[in-house]
Amino acid sequence: MDKLVDFSSMSVEERRDWVSQSAGFTPEQQNLLRQEGGLSLETADSMIDNVIGTYALPIGVIRGMVVNGKEYLVPMVCEEPWVVSCAEKGAKLAAQCSGFHATYTGSIMISQIQITQVTSPHVACLKILEHKREILELANQADPVLISLGGGAFDVEAKPLDTEVGGMVITQLLVNTKDAMGANTVNTIAEKVAPLLAQITGGKAYLRILSNLAVHRLARVHVSVSEEVLGGSAVVEGILAAHAFAWNDPFRACTSNKGTMNGASPVACATGNDIRALEAGAHAYAARSGVYRPITCWERNYSGDLEGMIELPMAVGIVGGTTRTHPMAGLLLRMMHVESAAELGMVIAATGLAENLWTLRTLATGGLQAEFVPSLERRKET
Ligand code: MEV
């Protein structure tokens, strides 16, 4: 990684030129970057109901984010002053030690169909599995384009639930949504197969919707940072103590996860992805053991260096939805030069880990206010 130019001494226009050049933007794309807000009222009106205007937020960029050996420019849309700086500093530390190493389990979403009024839920589950092929065939009529791309529903699970209002059966279809986040497809599939499931079980279909707890769509990222790069043994100890605090206290785990998502969600937002889905998945995953825990983990290795990892559901896409309709989201996605939803997901998770790394380093060595407030004050004065 070359030494990064100092953004803080540059004007917004100079930063835009630098980013445009680095990202290889065409003159039209450069003009789009200059359009503050980047969203016409007409497009906004086509996106949601009852539109009365648009709402702009700052776009920041972090440089020097290295994931699986590739260097990324990562856009972040958020309002909190130190978030971009924390992620960039965390990325810089990681890049000094070979960067982030990431994997993705695949774009597998879960479609849930609830069947109630089932007298023998366990037997009903077996019957559903006996009809697996028929259910999948029907499900895969929902999105022929996805099938042509090699995606679609490929497995069926069924589980009985004993509830306050009686026995019910939950059928889960596993759907490979490829480069799309896939919510619409997965919901359409659920709606399509619900009558067949009701017929098979003799029950009544109610909810037909995706699950945001995307446990088959995980991004996993690992980073190793040497004690020297981090600033010494006491810094490593401070980060380990912070992690132990979060692991044992849900009040701290919640704040630590908020800080990690400070890195991940702004990238998801910049690229037109559904940040509420991402946040819901991350926090539910954090509580999967029955106790709410941090989504990152920090350990010391045999050499005394710090090892960090993150694992979280990553239901994001690079095609369709807001990515297509919001011109700025499309442009910022192009800036990243990612070729798949998997690649985007891994960079988003790595940004979360970078954010958490620098935040914990700061908290363990003095505090955010001490590190960032003086520069914020200076910025206000100029
Ligand atoms: C503030 O947005 C996020 C932090 O509270 C995260 C943390 O405490 O780890 C600083």
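Helices here are DSSP runs of H or I with at least four residues, numbered from the N terminus. The model is a predicted one.

By that numbering, Ala354 belongs to helix H15, which spans residues 341–365. Is Ala354 buried or exposed? Its relative accessible area is 0%, so Ala354 is buried, the cut-off being under 20%. Setting aside residues up to four places away in sequence, Ala354 touches Met65, Cys86, Ala87, Gly90, Ala91 and Phe100. With Ala91 the sequence separation is 263 residues, yet the two C-alpha atoms are 5.3 Å apart in space.

The next step is the core. The largest nonpolar core has 62 residues, and those that touch the most other members are Met65, Phe100, Leu230, Met314 and Ile348. Helix H15 contributes the most to this core, with 11 residues. Ile348 has its own set of partners: beyond four places in sequence, Ile348 is in contact with Ala264, Val267, Ala268, Leu278, Met314 and Val316. A separate core of 32 residues lies apart from the largest one, and its members include Met181, Ala205, Ala214 and Ala277.

Charged side chains come next. How many salt bridges does the structure hold? There are 12. One of them joins Asp17 to Arg34, with the closest N and O atoms 3.5 Å apart. Asp17 sits in helix H1 (residues 12–23) and Arg34 in helix H2 (residues 27–34), so this pair ties together parts that are 17 residues apart in sequence. Asp17 is partly exposed because its relative accessibility is 39%, and Arg34, at 32%, is partly exposed as well. The pair also belongs to a network of salt bridges that links Glu13, Arg16, Asp17 and Arg34.

A second salt bridge brings together the side chains of Arg300 and Glu237, at 3.3 Å from N to O. Arg300 lies in strand S9 (residues 296–300) and Glu237 in helix H10 (residues 233–248), so the bridge ties together parts 63 residues apart in sequence. Arg300 has a relative accessible area of 33% and counts as partly exposed; Glu237 is partly exposed at 47%.

The last stop is a nonpolar part of the surface. Tyr206, Leu207 and Ile209 make a nonpolar surface patch of about 290 Å². Leu207 is placed in strand S7, which covers residues 204–211. The relative accessibility of Leu207 is 53%, so Leu207 counts as exposed, for which the cut-off is over 50%. Ala205, a member of the 32-residue core, is also within the 204–211 range of strand S7.

Terms used
Residues are numbered from 1 along each chain as its sequence is written. This is a predicted model: local features need pLDDT of at least 70, side-chain atom pairs count only at pLDDT 80 or more; totals for chains, interfaces and linings use all residues. Side-chain values use heavy atoms; hydrogens and water are left out. Patches are made of residues with over 30% relative accessible area and no salt bridge: like charges are joined within 9 Å, nonpolar side chains (Val, Leu, Ile, Met, Phe, Trp, Tyr) within 5 Å. Accessible areas come from the Shrake-Rupley method with a 1.4 Å probe; for residues, only the protein chains shown count as cover. A salt bridge is a side-chain nitrogen of Lys or Arg within 4 Å of a carboxyl oxygen of Asp or Glu. Helices (H or I, at least four residues) and strands (E, at least two) are DSSP runs, numbered from the N terminus. Buried means under 20% relative accessible area, exposed over 50%, partly exposed in between (1.4 Å probe, protein chains only). A nonpolar core is a set of buried Ala, Val, Leu, Ile, Met, Phe, Trp, Tyr and Cys residues joined through side-chain atoms within 4.5 Å. Contact means heavy atoms within 4.5 Å.
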